[in-house]
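Me: I want to learn how to read a helix and its sheets. Can we take them one at a time?

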Amino acid sequence: MGPRGHVVAQTMVLALLAVACSPGEPTVAAETENSTTVGRPDQSNVGTTETGDATSETIVDPAGPAPDVIFHNGVVLTMDPRLPQAEAIAILDDKVLAVGSDDSILAKGRVGTQIIDLNGRTLVPGFIDSHAHWIGDSEWTDYEFLDDTIQYMIENGWTSVNEMFVSPGRLEKLQELDRQGRLRVRVNAYLPINFLEQRFGRPYLEYTPLEEVTPHVRIAGVKMFVDNDWGHIVNWTPADLNAEVQAAHQAGWQLAIHAFSVEGHSMTLDALALALQGESNEAYRHRIEHVVAVTDEQLTEIQERGYIASIQPNFPGNIPQGDPTFDDKVPEEDHRFLTRWQDMNQAGIRLVAGTDWPWFTNESFLERGGAPAGSPLRLIYKAATHTDVNNRVPQPWMDGQFLPVGAALRSLTVDGAYATFEEDVKGSLAPGRWADLVVLSDNPLTVPIGQLPEIDVLLTMIGGKVEYCAEGAENLCAVEAAHSD
Ligand SMILES: [Zn+2]
């Protein structure tokens, strides 16, 4: 790490402690008058082309055409409860054609189908980073070019990301990257309406909820910051918060509300309850970002109302040990409220996970050796152990809050897709879903937990196209030829 790296890392940690999740350079959006169509598009037909029989062991379309590619002789973790584990998967164009046993899937092969032997390796849905700033805050990293950042994401197995602070300028940049064919990953953009005391109007009024503005960029929701600095900064009065939440909600938008402290959650839960007026959250899927400190009563309310908890397993990581102000800001009697991932999981709250890259990754965000903090495998490891990259011992209040590996995996795949209304097209491997997938060197569900960070990403496919092939894994990637016409 060069001197610049140290400075950047220090700045990062300081900025994080001060506010958490800095937006970089927010642009103030003009309030707009041209309100567009409100309400959500019908979710029942969002890319659903499933033809599978829910009861059969193999989900196939019997009349389907020949696949371009078959991966077989592997462990396919589909994240689809109808067939959680399979041996083989067939791909046609940008979609999954069939998933099942070696025999059933290989029987679908024809002349021209590429047959790839996984040789026992594990294949999973492409990972979804549900909360990050990979592209928006890339200026905080040592990646000079956005293309390098995107390549790094893909090498780590990310195929989708929710960019949580997309100002108008950043949205333009994302669309430009996509038009130039450089974006490669799928991006859900969340439009901020405030940061600290800054207000950005209602930029969402220019769009329709879930509008696809370019093939890889959708406008997924509205981001708000309720509190910062462990709750020592509260950004709204309850009345103003309620009004803004209600306005976005009534316009049909999903809210992603940054809440850290017990008080922040109290305001957030009140505002959401007022907006929903007893209506189910299913149609809105409002989500709470970070969900750091919650009481038993708040946890119950999150569960009963069906709010999505968006957690960042990189956090708290080194922060309590590395932040001299932690003990002043979070009294010891409040530690029991912190990062209750397993309590939430056991209560049946839907968890989605994100890196918050480049935030919450501490000094390790500049590391290049091993599995870095921006890796989904590292994230699963952290969720399951609360152990950071320097192997510091978890604090006592983290005990009992270790997520099972399977739950962490779900939060990074199928539940991540749910959180952006995309469970019918991604996050699991079933006929009709996008062929967004990753081949891993080992099975995260069966390796000893300590070995999770050592699992390598060997191949990343997005929409049927091989976007990354690890050195030495070329035999898995012959498929590339099929799409490089
Ligand atoms: Zn963030």
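Me: What covers the buried residues of α3?

Reply: The cover includes β9 (158-163), β22 (457-462) and β23 (465-469). Contact means C-beta atoms, placed from the backbone, within 7 Å. Helices (H or I, at least four residues) and strands (E, at least two) are DSSP runs, numbered from the N terminus. This is a predicted model: local features need pLDDT of at least 70, side-chain atom pairs count only at pLDDT 80 or more, and totals for chains, interfaces and linings use all residues. Residues are numbered from 1 along each chain as its sequence is written.

Me: Which residues of α3 are buried?

Reply: An α-helix has 3.6 residues a turn, so residues three or four places apart point the same way. In α3 (residues 146-155), the buried ones are Ile-150, Tyr-152, Met-153 and Ile-154. Buried means 20 or more other C-beta atoms within 10 Å of the residue's own, with C-beta atoms placed from the backbone; exposed means 12 or fewer, partly exposed in between. Gly-157 follows α3, with a positive phi near 100°.

Me: What is the strand order in the open sheet of 6 strands?

Reply: Strands of a sheet pair through backbone hydrogen bonds, either parallel or antiparallel. Here the order is β3-β2-β7-β21-β22-β23, with mixed pairing. Pairing requires at least two DSSP bridges between two strands. β3 (85-86) and β23 are the edge strands, each pairing on one side only. β7 (residues 122-125) and β21 (residues 437-440) run antiparallel, joined by 4 bridges. Thr-122 stands opposite Leu-440 in β21.

How values were computed: Two residues are in contact if their C-beta atoms, placed from the backbone, lie within 7 Å.
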